[in-house]
Amino acid sequence: MGSWMRMQKVASVAVAAAGGAASFWFAQKTLDERKVLNSWTTSFEPSSCAKWDFNWDHRDPKSLVQPLADSSDPTVQNRYNEKLDKKRSRVVRHLILVRHGQYNMDGRSDLERYLTEKGQKQAAISGERLKELDINFDKIVRSTMTRAQETAKIMSISLPELKLYDDALLEEGAPIPPEPPVGHWRPEISQFFEDGARIEAAFRKYFHRAEPDQKQDSYTLIVCHANVIRYFVCRALQLPPEAWLRISLGHASLTWISIMDDGRVTLRTLGETGHMPRELLSR
């Protein structure tokens with residue numbers, strides 16, 4: 001009888017211990033969940049704006065080919081797959097965005113906002129940096145504003161094989177009202193209305209996956225302006241475009257974006273100035 005009571009006591013202690021461990025585990029799990037939920041770094045469900053839209057450039061093959069009404073027929077399915085394959089990109093588009101060099105801020109007109117001596121040196125060094133990368137660039141596209149024109153021309157000394165193309169869509173402007181606002185910089189709403197449409201048009205012109213008939217990866221240099229580049233980066237990464245003014249870019253800095261064959265986008269460098277001597281750094 002005494003032995004039986006001892007066994008019951010041991011069992012009771014074991015059950016109590018197990019219950020205590022379970023309670024501790026549940027309490028700790030709840031605490032950990034609260035920590036996760038309260039952390040800005042992670043959450044259980046991604047927000048709707050965090051989900052990647054693979055058809056952001058409207059070139060996803062599935063959006064270009066009429067969907068099947070009936071996929072049970074293997075012949076019809078094969079035909080559909082062949083059509084998809086013809087629309088599919090197979091290589092990567094690389095866009096290297098270069099901000100112009102330092103310029104004369106006192107100029108009232110665009111012609112008076114030419115590069116300073118420091119800005120000319122910045123452009124030359126960035127040109128040399130791009131040459132050292134030993135990449136087969138296909139062309140240089142530049143804004144039609146004086147400071148971008150001069151920057152691209154100086155850079156082309158290091159890349160003489162590249163043809164220069166001008167594009168007014170790439171001119172500086174106010175793409176979209178920034179969030180948060182900046183007190184000392186408040187353009188009229190009409191300026192955002194006009195500039196925003198133009199800069200968005202430039203984004204749609206240059207930012208898209210490669211054409212299906214493109215055989216090799218392409219590397220295009222675009223010389224333009226800080227506001228334009230910052231807006232491009234936010235749009236390409238599917239971040240809120242209103243965040244563009246939170247990014248800072250140095251003069252003659254390099255920003256490298258790669259658009260993959262499946263519509264994914266990678267930001268390889270943002271405002272790189274590591275090749276610039278300290279005395280030439282400026283914003």
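**A side chain and a sheet**

Guide: Let us begin with Q214, where a polar atom of the side chain lies 2.9 Å from the backbone oxygen of Q216. This is a predicted model, in which local features need pLDDT of at least 70 and side-chain atom pairs count only at pLDDT 80 or more, while totals for chains, interfaces and linings use all residues. Residues are numbered from 1 along each chain as its sequence is written, and side-chain values use heavy atoms, with hydrogens and water left out.

Visitor: With which side chain does the side chain of Q214 make a polar contact?

Guide: A polar contact is a pair of N or O atoms within 3.5 Å; within protein, one must be able to donate a hydrogen and the other to accept it, and residues adjacent in sequence count only if both atoms are side-chain atoms. Here the partner is the side chain of S218, at 3.1 Å.

Visitor: Where does Q214 lie?

Guide: Helices (H or I, at least four residues) and strands (E, at least two) are DSSP runs, numbered from the N terminus. Q214 is in the loop between α6 (189-206) and β4.

Visitor: In what order do the strands form the sheet?

Guide: Two strands pair if DSSP finds at least two bridges between them. The 6 strands form an open sheet, ordered β3-β2-β4-β1-β5-β6, with mixed pairing. Because β3 (164-166) and β6 (265-272) stand at the edges with a single partner strand each, one side of each is left without a neighbour in the sheet.

Visitor: In which sense do β1 and β5 pair?

Guide: Strand β1 (residues 93-99) and strand β5 (residues 254-259) pair in the antiparallel sense over 6 bridges, and V98 stands opposite L254 in β5.
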